[in-house]
Structures are given as structure tokens and as C-alpha cells.
Amino acid sequence: MGDLLLVRHGETEWSRSGQHTSFTDLPLTPRGEEQAKSLAPLLTGRTLRRTLTSPLARAIRTAELAGLAGAETDPDLHEWDYGGYEGITTADIHRTRPGWDLWTDGAPRGDAGQPGESPAQIGERADRVLARLAPALAEGDVMLVAHGHFLRVLTARRLGLPPSDGRLFRLETGTLSRLSTEHGWPVIAEWNTRP
């Protein structure tokens, strides 16, 4: 059984400011580009059965700068659809909705292109990704380059936890994490690794 390697894309203006960013396709900041480049030594020498990225430019660019040539895009790796909360910080949301929590309440409907997602819906996407990757993981390591909240939910699902338990795994920009197994059980082997 291989390891599932997770890379969160490098910093963007909105990840730095704490604004919810799902489908807004922001570029990496100069710091984000440096974060992505700095991952290359951590990935050198790894044999990967598959490498997938989110279809958004910040993830694709992170993969390129980290030296992950030939990555396939997968629409299920896009970030949590924040719907009406796209571009808004949690602090701003709490001014009008003090008890709101993404991990339990999900995101409300936005415009026609952004219906918002519940924790269950993003959990279903993560489960689809994990099911599709099972054959490749049986043969070796698999790399995913995607987004903070999505990868946190995917981690929870890989560990057999509900999607809302993704809140337990803070994930920094431009980092490598590794999900492995021990005695047949999924485990976190590395988290938020930087060179």
C-alpha cells in the first residue's frame, strides 16, 4: 500500500488575508511561488503512481514549480464551494451570523455558478477521489495538489472520520503532508512539512 501525499497550493492574496477562496482563480503571490519551489527537494526521488491537481491555476502552478510534471487535473479536487461567502473572511461573516461554522453549517447559496456546499457534499467529493485512487494506492504513492479545506476533509475521510472532523487538521500553504498506513490502518505520517 502506497502513501497519499498532499500538497496545499502556495500562498495567494486571499489565503494570506483569510478570505474564502473556492472558484475565484487567483495566482500565487511571489511568496507562494517560493513556497511551491521549496517543495521540490522533498519530492525528488519519489516514484508516483499518479499525480492529480485541482483544475485551478494556483494548484496547477504549485505542481509545476514543485517539479511535478505530467499532473492530471481532477475537478473533484477543487476547493470547498463557499457560495455566498466567496471572498469573505470568517470574521466578516460572524458580524452578521455570529454562530456560523463552515465545518457544521457549510456555505450558503451564492450566484448561479456557486451553489455552496455542505460538509456532507464535500465529503462525498473526497470519497469519490479516494475510491478512484484506491487501485493506484495499492501499487504505490499518489500525489494530490489542491486546497486547504478540501484536503482537510479528504484527510478526515481517509482516516474514517466525518467530513466535519477536517477542522482538526490545520493545513498551511505550500506544505507537504503524508497519509500512510500502520498495521493496515490509515494514519497521518507527516503534516505541514516544509524544507
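Analyst: Helix α7 (residues 119–139) and helix α8 (residues 148–158) have axes that come within 9 Å and cross at roughly 65°. Axes are lines fitted to C-alpha atoms, for helices over the stretch in contact, and angles run from 0 to 180 degrees between N-to-C directions. Helices (H or I, at least four residues) and strands (E, at least two) are DSSP runs, numbered from the N terminus.

This is a predicted model: local features need pLDDT of at least 70, side-chain atom pairs count only at pLDDT 80 or more, and totals for chains, interfaces and linings use all residues. Residues are numbered from 1 along each chain as its sequence is written, and side-chain values use heavy atoms, leaving out hydrogens and water.

Now the contact itself, meaning heavy atoms within 4.5 Å. From α7, the residues include Ile 122, Ala 126, Val 129 and Leu 130. They belong to a set that meets Phe 150, Val 153, Leu 154, Arg 157 and Arg 158 in α8. By class, the contact has eight nonpolar, one polar and four charged residues. Here Ala, Val, Leu, Ile, Met, Phe, Trp, Tyr, Cys and Pro count as nonpolar, Asp, Glu, Lys and Arg as charged, and the others, Gly among them, as polar.

Next, the sheet. Six strands form an open sheet in the order β3-β2-β4-β1-β5-β6, with mixed pairing. Two strands pair if DSSP finds at least two bridges between them. β3 (72–73) and β6 (185–193) stand at the edges with a single partner strand each, so one side of each has no neighbour in the sheet. Strands β2 (residues 48–53) and β4 (residues 141–146) run parallel, joined by five bridges. Leu 48 has Asp 141 as its bridge partner in β4.

Both helices pack on this sheet. α7 touches β1 (4–8), β2 and β4, and its direction makes about 155° with that of β2. α8 touches β1, β4, β5 (176–182) and β6, and its direction makes about 160° with that of β1.
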